[in-house]
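Work through the exercises below with the sequence and the model open. Each task is followed by a solution in steps.

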Amino acid sequence: RADGLRVRDVVHAVTSAARIDGEAVRDVKVLERFAFFSVPAGEAARIVEAVDGVQVNGVALRVALVPA
């Protein structure tokens, strides 16, 4: 939120960069300095690699796996 990030921005970045369906991106939570989202476990590593560094609103996303 500090950078104007919205849920739809996260979903769009993930679906565009990782080429997955929007329904696969779930539980999106945008906080002040962080955003969290869920994706299918079998695709998680590939999605992290595809999305890390993608620019959204002029800010590079930093994506990492978080243990469930």
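**Exercise 1. Contacts and fold**

Task: In this predicted model, find what share of the contacts between residues at least 6 apart in sequence join residues at least 24 apart. Then describe the order of elements and the overall dimensions of the protein chain.

Solution: 
1. Take the contacts in the protein chain between residues at least 6 apart in sequence; 42% of them join residues at least 24 apart.
2. List the elements: the protein chain has two helices and four strands.
3. Read them along the sequence, and the pattern is α-β-β-α-β-β.
4. Compare the radius of gyration with the globule rule. The value is 11 Å, close to the 11 Å that the rule gives for 68 residues, so the protein chain is as compact as a globular protein of that length.
5. Box the C-alpha atoms along the principal axes: they fill roughly 30 × 20 × 20 Å.
6. Check burial. Of the 68 residues, 26% count as buried, with the cut-off set at under 20% relative accessible area.

**Exercise 2. The two faces of α2**

Task: Which residues of helix α2 are buried, and which exposed residues does the face turned away from them carry? Say also what the buried residues pack against.

Solution: 
1. Locate the helix: α2 spans residues 44–51.
2. Pick out its buried residues, which are A44, I47, V48 and V51.
3. Look at their directions around the axis. These residues cover an arc of only 100°, which puts them on the same side of α2.
4. Turn to the face pointing away from the buried side; A45 and E49 are its exposed residues.
5. Find the partners of the buried side: its residues pack against α1 (7–18) and β2 (35–38).
6. G53 follows α2 and has a positive phi, near 95°.

**Exercise 3. The largest pocket**

Task: How much space lies in the largest pocket, and which residues are closest to its centre?

Solution: 
1. Start with the volume: the largest pocket holds about 920 Å³.
2. Go to the lining, which counts 32 residues; A35, F36, F37, R62 and V63 are the closest to the centre.
3. Assign the lining to elements. At least two residues come from each of α1, β2, α2 and β4 (59–60).
4. Identify the main contributor: β2 gives the most, with four residues.
5. Sort by class. The lining of the largest pocket has 24 nonpolar, two polar and six charged residues.
6. Link back to Exercise 2: α1 and β2, the packing partners of the buried residues of α2, also supply residues to this lining.

How values were computed
Residues numbered from 1 in each chain as written. Predicted model: local features only at pLDDT ≥ 70, side-chain atom pairs only at ≥ 80, totals over all residues. Heavy atoms only, no water. Buried < 20%, exposed > 50% of the residue type's maximum accessible area, 1.4 Å probe, protein only. Arc of directions from axis to C-beta. Contact = heavy atoms within 4.5 Å. 1 Å grid on protein atoms, 1.4 Å probe; cavity = no way out; pocket = protein on both sides within 12 Å on 5 of 7 lines; lining within 4 Å. Points joined across faces, edges and corners; volume = space filled by probe spheres on them. Nonpolar A, V, L, I, M, F, W, Y, C, P; charged D, E, K, R; others polar. Rg over C-alpha atoms; globule rule 2.2 N^0.38 Å.
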